[in-house]
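Have the structure open and follow along.

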Amino acid sequence: MDLSYIKEHWTKRVNDDRLSCINAWNSSAKDYIYDGSVNFENNSFLKFMRDKVKFTSEMNVLDIGCGAGAYSVAVAPEVRKVVGVDFSPEMLKEAKSAAERNGISNAEFIRRDWYYCDENEFKSQYDIVFAHTTPAISDYNSLMKMMYASRKYCFLCMPARRSDEILDSLRLMLGMKKPNTDESAAFIFDTVWLNGCNPETVYENKTWNSRKTFDDAVTWYLGRLKEEKCLNEKEEESVIRFLSNVSINGYVSETIKTTLVSFFWEFK
């Protein structure tokens, strides 16, 4: 396998309906409000970062797909500056609020769609670049853009061997192919390796439980599905009907099981 093979075969299915995808993440922003639980004492990803890199007050850090800012806020006191990027306005609103509540003045949050943004804006600007469980890094081009942004270190955490009770059932109903996260993990390792770095990995089994109001669930699942496929009116109606059938007292609940794979690599 070489980089040309990976570039050809590891591509993300992206539809033009980005607004539905953004709305999906907007609808979930409140679920990710930073409450201080993401910290260096109890979070395995942050522990992994600290084990591999000595943070200094001279470092500039980029958080790709920062969401509501939990990891940016946690890292900010250790470094000179953190820049968090995300395409969801509501997520960024929560990130800015979290920084203010926690007295963080060296974190900046800006709206960018990593898949489409100009890599030159970020190229070689950061000592550490990281991305935690974000769909922003999901194919060869988005990973290479991440690597170009770093001067020294990269950390990437992604879900593999993932099962989503509701989302997988909806994909099956609509005849959609489930994203191959296991293949993505292999492509990430090979891409980093073939670029001359020595990727290190750690693994963590996780179970997440989601509970959304019916209206938020409709926005969420339609948005996630439309990121992968253009849905016609009949298909949208079938999704809404499915969610109505599985809802209990106005809520849709889902259990998600995955193995988190965290990568670290250094540019020599």
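This is a predicted model: local features need pLDDT of at least 70, side-chain atom pairs count only at pLDDT 80 or more; totals for chains, interfaces and linings use all residues.

Lys212 is buried, with a relative accessible area of 7%. Its side chain meets that of Asp31 in a salt bridge, at 3.2 Å from N to O. Asp31 lies in the loop between α2 and α3 and Lys212 in strand β6, so this pair ties together parts 181 residues apart in sequence. Asp31, for its part, counts as exposed at 51% relative accessibility, since exposed means over 50%.

A search of the whole structure finds 18 salt bridges, and three of them are set out here:

| Pair | N to O distance |
|---|---|
| Lys30 and Glu94 | 2.8 Å |
| Asp31 and Lys212 | 3.2 Å |
| Glu266 and Lys268 | 3.6 Å |

Elsewhere, salt bridges with shared partners join Arg18, Asp113, Arg224 and Glu227 into one network.

Now for the sheet. Its 7 strands run in the order β3-β2-β1-β4-β5-β7-β6, forming an open sheet with mixed pairing. β3 (107-111) and β6 (200-213) each have a single partner strand, so one side of each is left without a neighbour in the sheet. The twist averages 20° from one strand to the next. β6 pairs with β7 (residues 251-266) in the antiparallel sense over 14 bridges, and Val202 stands opposite Ser262 in β7. Helix α5 (residues 89-101) packs on the sheet, touching β2 and β3.

Key
Residues are numbered from 1 along each chain as its sequence is written. Side-chain values use heavy atoms; hydrogens and water are left out. Two strands pair if DSSP finds at least two bridges between them. Helices (H or I, at least four residues) and strands (E, at least two) are DSSP runs, numbered from the N terminus. Axes are lines fitted to C-alpha atoms, for helices over the stretch in contact, and angles run from 0 to 180 degrees between N-to-C directions. Contact means heavy atoms within 4.5 Å. A salt bridge is a side-chain nitrogen of Lys or Arg within 4 Å of a carboxyl oxygen of Asp or Glu. Buried means under 20% relative accessible area, exposed over 50%, partly exposed in between (1.4 Å probe, protein chains only).
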